[in-house]
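Here is a brief report on one protein model. It covers charged pairs, a surface patch and model confidence.

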Amino acid sequence: QTSLDDAEGRVRALLELCDRLATRPLKALSLHYKKPIGLKMLDPAFRDPSDPRESARLAKRGRGDDPEMEEHKRLQREVKEARRSVSRQIRRDSEFIAAVENKERIRVDKKRAAKLKEVMTTLERDQAEYKLMKTTGGTMDTSLQAYRPGKKGKKGRMAGNETEQNRRSRGGMSGKRGGAAGRGR
């Protein structure tokens, strides 16, 4: 009996704990906490110009009172400016030369295209004349068609009930021109 009462008490305590956990507000999930990175604070650098070591360091950087050093730095700046100016001028000159050469190339290409067009026109005209002479039975010997001596002796086509005897009896008309074979065309 006591073990049963003890078990019931534990179950009630467990149910109360579950109710408390179910009703409490939940905490949002997050990844591992990282401390934010702070800004780096730099200490200002103070230099005393009366210190001989500091004055030597400033002179090396070109901020000293040495007139020879200042003259040298001025001349270096002028040399750099002259070098930049010359390179700019060379670039402009090369662009101009490239533009002139491009114009010349375009002119030559146009001339070549006009010549090609003229040649193609002549060839097309000659081709048209050749085809015209070929279809009209011109006497021009082009030697493109193979010569077949037996072609004239070849029988023509016969249509329908026509036979060789019928053809001869009608007056020797060939199947190619006139007669029954030629009417449909």
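## Salt bridges, a patch and confidence

R12 counts as exposed because its relative accessibility is 51%. The classes are buried (under 20% relative accessible area), partly exposed (in between) and exposed (over 50%), with a 1.4 Å probe and protein chains only. E8, at a relative accessible area of 38%, is partly exposed. The side chains of R12 and E8 meet in a salt bridge, 3.7 Å from N to O. Such a bridge needs a side-chain nitrogen of Lys or Arg within 4 Å of a carboxyl oxygen of Asp or Glu. R12 and E8 are four residues apart in helix α1 (residues 2–23), so about one helical turn separates them. Helices are DSSP runs (H or I, at least four residues), numbered from the N terminus.

This is a predicted model: local features need pLDDT of at least 70, side-chain atom pairs count only at pLDDT 80 or more, and totals for chains, interfaces and linings use all residues. Residues are numbered from 1 along each chain as its sequence is written, and side-chain values use heavy atoms, leaving out hydrogens and water.

By the salt-bridge rule, the count comes to eight. Three of them are listed here.

| Pair | N to O distance |
|---|---|
| R12 and E8 | 3.7 Å |
| E78 and R74 | 2.4 Å |
| D109 and R112 | 3.1 Å |

Helix α3 holds E78 and R74, four residues apart, about one turn of the helix. E78 is partly exposed, with a relative accessible area of 42%. R74 is also partly exposed, at 32% relative accessibility. D109 and R112 lie in helix α3 too, three residues apart, again about one turn. D109 is partly exposed at 38%, while R112 is exposed at 53%. Shared partners link salt bridges into one network of E71, R74 and E78.

Which residues form a nonpolar patch on the surface? They are L116, V119, M120 and L123, with about 360 Å² of accessible area together. Patch members have over 30% relative accessible area and no salt bridge; like charges are joined within 9 Å, nonpolar side chains (Val, Leu, Ile, Met, Phe, Trp, Tyr) within 5 Å. Areas come from the Shrake-Rupley method with a 1.4 Å probe. M120 sits in helix α3 (residues 67–135). M120 counts as partly exposed, at 40% relative accessibility.

Now confidence. The pLDDT (the predictor's confidence in each residue, from 0 to 100) averages 78 over the protein, and 70% of the residues score at least 70. Where pLDDT is low, predicted coordinates should not be read in detail.

Methods. Helices (H or I, at least four residues) and strands (E, at least two) are DSSP runs, numbered from the N terminus.
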